[in-house]
Amino acid sequence: MAVKTVLVWQWGKRGAGPRIAVDLANGLASLPDVCVRLSLSEEAEILHSHHAPQDALVFKTYKSALGLFGRFLQAPLIITQLFLSMLRNRPDVAICAMPAPLDVLMAHALRRAGVKVVTIVHDARAHPGDGYPFQMLLQKALISQSSLLVTFSQHVANVLSGDAICRGKSVLSLSHPPFVGTEAPPPFSHGGKPRLLMFGRLLPYKGLDLLADALPQLEFAIDCRIIGKGPQSPELLRLSEIRDVTVENRWVPEDELSRLIAWADVLLLPYREASQSGVGAMAAAGGRYVVATTVGGLSEQFSANPQAVLCEPDARSIAIAIIQLLNSPPPIAPAPDSAGAWQELGQKILNAASN
């Protein structure tokens, strides 16, 4: 069998995108007769973390909004340079692991070189307060250059399928694999108060108000941390005033994520809306308990997880779910084969791209 060359690229600077690209590239590289090239932004935080890939092509992206504008002004030159590079080292398939602002330039170059483009679409619609200016406009431009779209929930696939830009394109719905490298000791093994954790972008759609109403209803002492970056808000102030709750409004570096997972017993996802949860994929890999609301793709993601409790997106239901879990935690499931899950994901994408 001929060796298939696959390009995986993600040009975001931090967050889940580069991590997904690295785990997917490693999963693909473990398949027989597959050669993988990985391209990341030279600004990618993961390049300086303990999850850094052994070999990655770095692409000059931008350091500021002004720098991004300048790169778009250079679009014809950049596309030509990328096109010539693809002709010299033409992959059979190219996979965009998560849309970022400059990806449409790479997609144009790849299509000109006759390469099939696969895009993993994480959000069919922008969440309130999340993303970057013109995010959905640029994503639609990227989708128009793609032959195959992959989602991590049927919820996102259904929304995409109704968009005119996606008509005639194949949409493959798969599950978000647990991230590699977030294994941790069993929950509650520390012997102290139950540790609850919510982390990620601290934005209103994440249900900060619901959590602020739910936590005071708990009947026992806890140690709860709310960690992530977001605008100051009345909800964060309310949370910071609750006994046993601390709020840390800051960006969480790549190398701290696994330590946070290991610290927590229960991950809280009290969201008002969601596509799926990358934070939840970390929790699954670390064997943590999860309390999640039944919104968007969260039901799909956690319905088969024996350590997850799903509830309605209201404060009383969230409080009851937390109390139920802490009073009678389900048995701890065997650790997932995270590396194998990314390998399986890569194989399914290649199979669909070959059709």
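## Helix α10 and its ends

Where α10 begins, Ser277 puts a side-chain oxygen within 3.3 Å of the backbone nitrogen of Val279. That falls under the polar contact rule: a pair of N or O atoms within 3.5 Å, where within protein one must be able to donate a hydrogen and the other to accept it, and residues adjacent in sequence count only if both atoms are side-chain atoms. Helices here are DSSP runs of H or I with at least four residues, strands are runs of E with at least two, and both are numbered from the N terminus. Just past α10, Gly287 has a positive phi of about 70°.

A word on the model: it is predicted, so local features need pLDDT of at least 70 and side-chain atom pairs count only at pLDDT 80 or more, while totals for chains, interfaces and linings use all residues. Residues are numbered from 1 along each chain as its sequence is written, and side-chain values use heavy atoms, with hydrogens and water left out.

As for burial, α10 (residues 278–285) is largely enclosed by the rest of the structure, because six of its eight residues are buried. Those six are Val279, Gly280, Ala281, Met282, Ala283 and Ala285. The cut-offs are under 20% relative accessible area for buried, over 50% for exposed, and in between for partly exposed (1.4 Å probe, protein chains only).

## Nonpolar cores

A nonpolar core is a set of buried Ala, Val, Leu, Ile, Met, Phe, Trp, Tyr and Cys residues joined through side-chain atoms within 4.5 Å. The largest one has 83 residues, and the members touching the most others are Val8, Ile95, Leu196, Phe199 and Leu215. Helix α12 (residues 315–327) is the top contributor to this core, with eight residues. There's also a second, separate core of 26 residues, with Leu7, Leu68, Ala75 and Leu142 among them.

Take Leu196: leaving out residues up to four places away in sequence, its contacts include Leu215, Cys224, Trp263, Ile322 and Leu326. Contact here means heavy atoms within 4.5 Å.

## Cysteines

Searching the whole structure for disulfides (a pair of cysteine sulfur atoms within 2.5 Å) turns up zero. For Cys224, the closest cysteine sulfur is that of Cys311, 14 Å away, so a bond is out of reach. Cys224 is buried at 0% relative accessibility, and Cys311 is buried too, at 8% relative accessible area.

## Salt bridges

A salt bridge needs a side-chain nitrogen of Lys or Arg within 4 Å of a carboxyl oxygen of Asp or Glu, and the whole structure has 10 of them. In one, Lys193 pairs with Asp244, with 3.8 Å between the closest N and O atoms. These partners sit 51 residues apart: Lys193 is in the loop between β7 (170–173) and β8 (195–199), and Asp244 is in the loop between α8 (234–240) and β10 (245–249). Both are partly exposed, Lys193 with a relative accessible area of 41% and Asp244 with 23%.

Another bridge joins Arg238 and Asp213 at 2.2 Å, N to O. It ties helix α8, which holds Arg238, to helix α7 (residues 208–214), which holds Asp213, across 25 residues. Arg238 is partly exposed at 34%, and so is Asp213 at 37%. Then there's Arg250 with Glu256, at 2.7 Å from N to O. Arg250 is partly exposed at 26%, whereas Glu256 is buried at 14%. Through shared partners, salt bridges join Arg225, Glu248, Arg250 and Glu256 into one network.
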